[in-house]
Amino acid sequence: MDYGFVRVAAMVPRVNVADCWFNSKEICEQMLAAGSKGAKIIVFPEMSVTAYTCGDLFFQQELLVSAEVCLDEIRKATEAVNAIVFVGMPVRGVNAIYNCAVALCRGHILGAVPKTYLPNYNEFYEKRWFASSKSLTQTEVELCGETVPMGCDLLFKWKNLVIASEICEDLWTAIPPSSYAALAGANVIVNLSASNEVIGKHGYLCSLVKQQSARCMAAYVYSSAGFGESSTDLVFAGNAIVAENGTFLAQSERFTEGAVMAIADIDIEKINSDRRATTSYTDCMAFNRQSPYRTVNFVLDETGVENELMRPIHRYPFVPADGKLLSNRCEEIINIQASGLARRLSAIGCKNVVIGISGGLDSTLALLVTAMAFDRLKLPRTGIVGITMPGFGTTGRTYANAMTLMQALGITVKEISIKAAVEMHFSDIGHDQSVQDVVYENSQARERTQILMDYSNKVNGIVVGTGDLSELALGWATYNGDHMSMYGVNAGIPKTLVKYLVRWFADIYFAGNESISPALHDIVDTPISPELIPAEDTGEIKQKTEDLVGPYDLHDFFLYYMLRYGFSPRKIYWLASRVFMDDYDDVTIKKWLKTFVRRFFNQQFKRSCMPDGPKVGSVSLSPRGDWRMPSDATSALWIKECDEL
């Protein structure tokens, strides 16, 4: 449970039909294997003790008695495993047999959960042998000499881990039992299944698991019968899946002859955070009129996950890891940006915009998005006024890229040097120009913004802002300088994503354009800099942003997990130290995490009056949208935890 992670395993053992001793031996072996890997929740398939395809043998007393005897062997074996284990078997009730998931832990049987929806169509005849939980008249059942709770109203709880069980067909119904269990508090759903294979069924099953985990905002551990089940007219491929809130964390191969396992670490803190933040989820809880659930408590040894986390933690959480998905996502993001700007221009009847073009990533993306918006509105690109404003730190590389890009796009190009105006301003306020401090830097940023604002008045247009989400988080913007515009198209784009969007324009949108594509690639490769300090003697950029405020790959990682899930500095640091271990040592990560926290709190006043801009992803800092925070909130608690790392 350390940091909220719990290791779970979906198991598919070999079975022999009606051979409970063979099956229980396989279950025990696989249970020990999963336990040795640190699994705290271990799930076996439906009817795994007897096999699912026993047919009318389920009416045989010998099979039912043998199943219970073998369950007792499994119970004894659980004494050596620090986990809660779910196995499937027929359970004799009052005048009926029930298809049950039996929960065991540390030598005890915790309870039996009967299947609610029994398929009785096509190849399925379950009502021939079993009764539904809806017909259950008892709340307890005797198993292996113990009287244990029985019903579909059972929740198994340890600390903030709450588990509910459903069985196969339950998932395929209009309202699965797990929906009600999740609203009652279950944050992990286990499904013991015996779903056979037909063409197209697997894909549909995967969509059901993914959707149910998303709708319930829960982890979903699915285990389905595999090799050894009867081949009489059916084939069972074996399928083990671990999903969390709409995302697959692990999935086994199908059609294998041996036992298979899907194992992963689920994040209970993450699940609970999403539920707390989603008010419609709590509304559903209030409207749920189901009967109360019974809680069965269990206890495991307090051990954390292994050092190697068994779940994907991406170093760039704002950037999809899959190449094809990344390309599609880039196109979608750019369309969101362009549509937002197009709507704003249409609403105010504006046909001209002004953008400051530096030759850097952010202004390049803003310009490309603006060009798309103008094309969409069928406005001439000459209505886009790109102004490059060389200052004391402008380098030949960025200047050349800015000019090349503007000319190739066919916009109106203006060059206005700020040097003379800023020097006069220094004289007016009595600032020594040789002192390259914050006054020296911010005076340039504000002079550029004044030019943009005044020129937008001149052409009856608006200023399109270029600042991005990462800069807003860090407050890396000059108040009433580059901090200000009439519409900020990049406000929802983190820095680590900007370069991928610009590269998408280079490789996809302008593929083959020898005027634009090479310039865009060079812009992507240019060091990030505000260029407010004079360049090196060699002409290279001297002032590099990441040397001053820290690496953006770290800051975007901190930003995502702090805002999206409300993780503590301790947990963020723990994750970052594993994801970035090859690039940054722990001291460096701690240093920049503390910098991020301090700047994030201290710079809220800039975000409180930021311009309008489109929300793009799950993290937004708009004071009118996702993020409402007082500007005088203190960071003391977060800084204290950083210091204690």
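1. A cavity is a set of grid points where a 1.4 Å probe fits but cannot get out, and its lining residues have an atom within 4 Å of a point. Keep that in mind below. The model is predicted.

2. Start with the second largest cavity. Its volume is about 80 Å³. It has 15 lining residues, and V113, C152, S165, E166 and P177 lie nearest its centre. β9 gives the most, with 4 residues. By class, the lining of this second largest cavity holds 9 nonpolar, 3 polar and 3 charged residues.

3. Now the largest cavity. It holds about 160 Å³ of space. Its lining has 15 residues, and closest to the centre are G467, L472, D482, H483 and P611. The lining of the largest cavity splits into 6 nonpolar, 6 polar and 3 charged residues.

4. How many cavities of 30 Å³ or more are there? The count is 8.

5. Turn to the nonpolar cores. In soluble globular proteins, nonpolar side chains tend to be buried together. Here the largest nonpolar core has 94 residues. Within this core, L520, F558 and F600 touch the most other members.

6. Which residues does F558 touch, leaving out those up to four places away in sequence? They are I572, A576, I589, W592, L593 and F596.

7. There is also a second, separate core. This core has 51 residues, including C70, A77, F130 and A131.

Technical notes
Residues are numbered from 1 along each chain as its sequence is written. This is a predicted model: local features need pLDDT of at least 70, side-chain atom pairs count only at pLDDT 80 or more; totals for chains, interfaces and linings use all residues. Side-chain values use heavy atoms; hydrogens and water are left out. On a 1 Å grid over the protein atoms alone, a cavity is a set of points where a 1.4 Å probe fits but cannot get out, and a pocket is an open set with protein on both sides within 12 Å along at least five of seven lines; lining residues have an atom within 4 Å of a point. Grid points are joined across faces, edges and corners, and a volume is the space filled by probe spheres set on the points. Ala, Val, Leu, Ile, Met, Phe, Trp, Tyr, Cys and Pro count as nonpolar, Asp, Glu, Lys and Arg as charged, and the others, Gly among them, as polar. Helices (H or I, at least four residues) and strands (E, at least two) are DSSP runs, numbered from the N terminus. A nonpolar core is a set of buried Ala, Val, Leu, Ile, Met, Phe, Trp, Tyr and Cys residues joined through side-chain atoms within 4.5 Å. Buried means under 20% relative accessible area, exposed over 50%, partly exposed in between (1.4 Å probe, protein chains only). Contact means heavy atoms within 4.5 Å.
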